[in-house]
Amino acid sequence: MSLLQGLRVLVTAGPTYEDIDPARFIGNRSSGKMGFALADQAAKLGAEVVLVAGPVNLTTPENVTRIDVRSAAQMYDAVMASLPADFYIGAAAVADFRPARYASIKIKKQDEDDGLTLELEQTQDILKSVANAEMRPSLVCGFAAETHEVETYAQGKLDRKNLDLIAANRVGIENSGFESDNNTIYVFTRGLDGKQQFGPASKYDVARSLLEYMAQLQSQRQG
Ligand code: C5P
């Protein structure tokens with residue numbers, strides 16, 4: 001199938017790790033499986049695919065160009081350097097905060113009872129930057145992993161981040177989200193009422209459905 005022939009698809013996947021000191025980091029829970037499934041299926045549908053991956057333990061899908069990064073700042077640079085693209089899909093669980101300072105020597109425990117206060121600063125929002133970039137892809141799709149009120153948060157993100165689509169999934173339930181091989185997503189589209197549900201199914205099947213939906217949306221908008 002060559003539904004995405006001639007299109008360049010840029011996907012992010014996995015977590016980012018924000019280093020505190022040489023031995024410790026802050027990160028999000030993410031296996032990267034959904035993003036890798038999207039890259040794999042986009043390549044199978046004929047797209048030229050660039051996959052920017054945080055630290056994950058997954059093999060590179062066939063016919064996909066993979067760029068490995070560790071931090072949100074590195075992911076931002078790799079994504080921006082990979083534009084232009086026709087579709088951007090931000091499936092990475094990018095850390096929202098990073099330590100304001102990196103300690104080049106491992107932080108030691110002081111007194112028995114002493115805690116440690118870490119100062120955090122916000123990372124740059126990659127998705128929002130792509131959606132507002134001069135070389136904005138024609139379809140920008142974000143992911144939203146929520147534990148509750150999925151719909152309200154997803155709709156809010158669609159507007160706030162200037163997205164075309166947002167794929168929301170419930171986390172914290174069995175057989176969905178994080179480390180699972182399966183997923184269910186609810187896709188909200190700018191300018192359209194209601195939502196599309198893809199799954200419950202394997203992340204590969206969910207990925208294919210989302211890409212087919214994006215291809216359809218793209219041709220509707222062009223036609
Ligand atoms: O607002 P929230 O972080 O939940 O939004 C999730 C979406 O935003 C995901 O698509 C994620 O890849 C993206 N994101 C990003 N850069 C950040 C934080 C989130 O691209 N710093």
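What follows is a working chat about a predicted model.

Student: Before I start, what are the ground rules here?
Tutor: This is a predicted model, where local features need pLDDT of at least 70 and side-chain atom pairs count only at pLDDT 80 or more, while totals for chains, interfaces and linings use all residues. Residues are numbered from 1 along each chain as its sequence is written, and side-chain values use heavy atoms, with hydrogens and water left out.

Student: OK. Where is Gln218?
Tutor: Gln218 sits in helix H5, residues 203-222. Helices (H or I, at least four residues) and strands (E, at least two) are DSSP runs, numbered from the N terminus.

Student: Is Gln218 buried or exposed?
Tutor: Gln218 is buried, with a relative accessible area of 8%. Buried means under 20% relative accessible area, exposed means over 50%, and partly exposed is in between (1.4 Å probe, protein chains only).

Student: What is Gln218 in contact with, leaving aside its neighbours within four places in sequence?
Tutor: Leu7, Phe87, Ser138 and Leu139. Contact means heavy atoms within 4.5 Å.

Student: Staying with H5, at what angle do H1 and H5 pack?
Tutor: About 55 degrees, with the axes of H1 (residues 33-44) and H5 8 Å apart. Axes are lines fitted to C-alpha atoms, for helices over the stretch in contact, and angles run from 0 to 180 degrees between N-to-C directions.

Student: Why quote two values for that?
Tutor: Because two packed helices are described by the angle between their axes and the distance between the axes.

Student: And what do you call the arrangement of H1 and H5?
Tutor: H1 and H5 are oblique to each other. Angles under 35 degrees count as roughly parallel, over 145 as roughly antiparallel, 65 to 115 as roughly perpendicular and the rest as oblique. H1 passes H5 in a right-handed crossing. A crossing is right-handed if the near helix is turned clockwise from the far one by less than a right angle, and left-handed if anticlockwise.

Student: Which residues meet there?
Tutor: From H1, Lys33, Met34, Ala37, Leu38, Asp40, Gln41, Ala42 and Lys44; from H5, Lys203, Tyr204, Val206, Ala207, Arg208, Leu210 and Leu211. That contact of H1 with H5 has 9 nonpolar, 1 polar and 5 charged residues. Ala, Val, Leu, Ile, Met, Phe, Trp, Tyr, Cys and Pro count as nonpolar, Asp, Glu, Lys and Arg as charged, and the others, Gly among them, as polar.

Student: Lys33 again: how far is Ser180 from Lys33?
Tutor: C-alpha to C-alpha, Ser180 and Lys33 are 8.2 Å apart in space, and 147 residues apart in sequence. Ser180 is in the loop between E10 and strand E11 (182-189), and Ser180 is buried, at 16% relative accessible area.

Student: Different topic. How many aromatic pairs?
Tutor: The structure holds 2 aromatic pairs. In the pair of Tyr17 and Phe25, the ring centres are 3.8 Å apart and the planes are at 20 degrees, so the pair is stacked. Rings of Phe, Tyr and Trp (its six-membered ring) pair if their centres lie within 6.5 Å; planes under 30 degrees apart count as stacked, over 60 as edge-to-face and the rest as tilted. Phe25 counts as partly exposed, at 38% relative accessibility.

Student: What about H2, which residues are buried?
Tutor: In H2 (residues 72-82), Ala72, Met75, Tyr76, Ala78, Val79 and Ser82 are buried. The buried residues of H2 pack against strands including E1 (8-13) and E2 (17-21), and against helix H3 (126-131).

Student: Where are there cis peptide bonds?
Tutor: One joins Leu83 and Pro84, with omega about 5 degrees; Pro84 lies in the loop between H2 and E6. Another runs from Gly199 to Pro200, with omega near 5 degrees, and Pro200 lies in strand E12 (residues 196-202).

Student: And what is phi of Glu149?
Tutor: Near 45 degrees, a positive value in a residue other than glycine. Most residues other than glycine have a negative phi, and most peptide bonds are trans. Glu149 is in the loop between strand E9 (139-146) and helix H4 (150-160), and Glu149 is partly exposed at 48%. Asn162, not a glycine, has a positive phi of about 60 degrees.

Student: Last one: how accessible is Gly14?
Tutor: Gly14 has 0% relative accessibility and counts as buried. Gly14 lies in the loop between E1 and E2.
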